[in-house]
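Please read the points alongside the displayed structure.

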Amino acid sequence: IEFLRTRGFAEKHNLRMTSVDSCITIAKEALTQIDINSSAIRYSVWGYGRAGQRFAERFDPISITNSGRVLRPKLIGCADRTSSWIDPNGLEHERISSFKQRNGRLPFGDRYESSAILFEDTDLLLLSGKGCPLSLEDIRNVKATVVIDMTGAISQELESEFKNQGILFIPSVISTSGP
């Protein structure tokens, strides 16, 4: 939260006043603060509707400096209300979004349950769907280092449990602060 208080934050990060752009800016800043041991920033999106697709579209081309290395994001999983598609080698958000717009579902839609995406080993998990996808018991199985909420449905109790599990949690009131 301290970095939000810095003067010129919006100008420094080329922040446009949309929820998705605010979320991307917060994600970039959070990912510079953690140790990333892989060659790319692995991220997943729960709620691959308009906001989730827009996030992937805008997040994939950026570069993030972490421990002196410049890393690029790699989408490894996405989920909608009926299914999820997970590939640790990476997914192409353009193809997934195009398929979903044409067919109303994710490719290979019956491959995984929708909740499977929540427990993948990622650097960043974006929650952008409707409602709260997690219970207190579920948080013990979350392997993401950073969780960003755009749903507004995560309770104070769940926020506290993220902290207890050592997960950097950014609530929607901060992640969508642009508007």
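1. Contact here means heavy atoms within 4.5 Å. Helices (H or I, at least four residues) are DSSP runs, numbered from the N terminus. The model is predicted, with local features needing pLDDT of at least 70, side-chain atom pairs counting only at pLDDT 80 or more, and totals for chains, interfaces and linings using all residues. Residues are numbered from 1 along each chain as its sequence is written, and side-chain values use heavy atoms, leaving out hydrogens and water.

2. Helix 2 (residues 19–32) packs on helix 3 at about 55°, the axes being 10 Å apart; this angle makes helix 2 oblique to helix 3. Axes are lines fitted to C-alpha atoms over the stretch in contact, and angles run from 0 to 180 degrees between N-to-C directions. Angles under 35 degrees count as roughly parallel, over 145 as roughly antiparallel, 65 to 115 as roughly perpendicular, and the rest as oblique.

3. From helix 2, Val-20, Asp-21, Cys-23, Ile-24, Ala-27, Lys-28 and Leu-31 meet Ala-51, Arg-54, Phe-55, Arg-58 and Phe-59 of helix 3. By class, this contact has eight nonpolar, no polar and four charged residues.

4. Helix 3 (residues 50–59) and helix 4 (residues 93–103) have axes that come within 10 Å and cross at roughly 155°, which means that helix 3 is roughly antiparallel to helix 4. Gln-53, Ala-56 and Glu-57 of helix 3 make the contact with His-93, Ser-97, Lys-100 and Gln-101 of helix 4. These residues divide into one nonpolar, four polar and two charged.

5. The largest pocket (an open set of points on a 1 Å grid, probe 1.4 Å, with protein on both sides within 12 Å along at least five of seven lines) has a volume of about 480 Å³. Its lining comprises 18 residues, lining residues having an atom within 4 Å of a point. Gly-47, Tyr-48, Gly-49, Gly-129 and Lys-130 lie nearest the pocket's centre. Helix 3 supplies the largest share of the lining, three residues.

Terms used
Helices (H or I, at least four residues) and strands (E, at least two) are DSSP runs, numbered from the N terminus. Ala, Val, Leu, Ile, Met, Phe, Trp, Tyr, Cys and Pro count as nonpolar, Asp, Glu, Lys and Arg as charged, and the others, Gly among them, as polar. Grid points are joined across faces, edges and corners, and a volume is the space filled by probe spheres set on the points.
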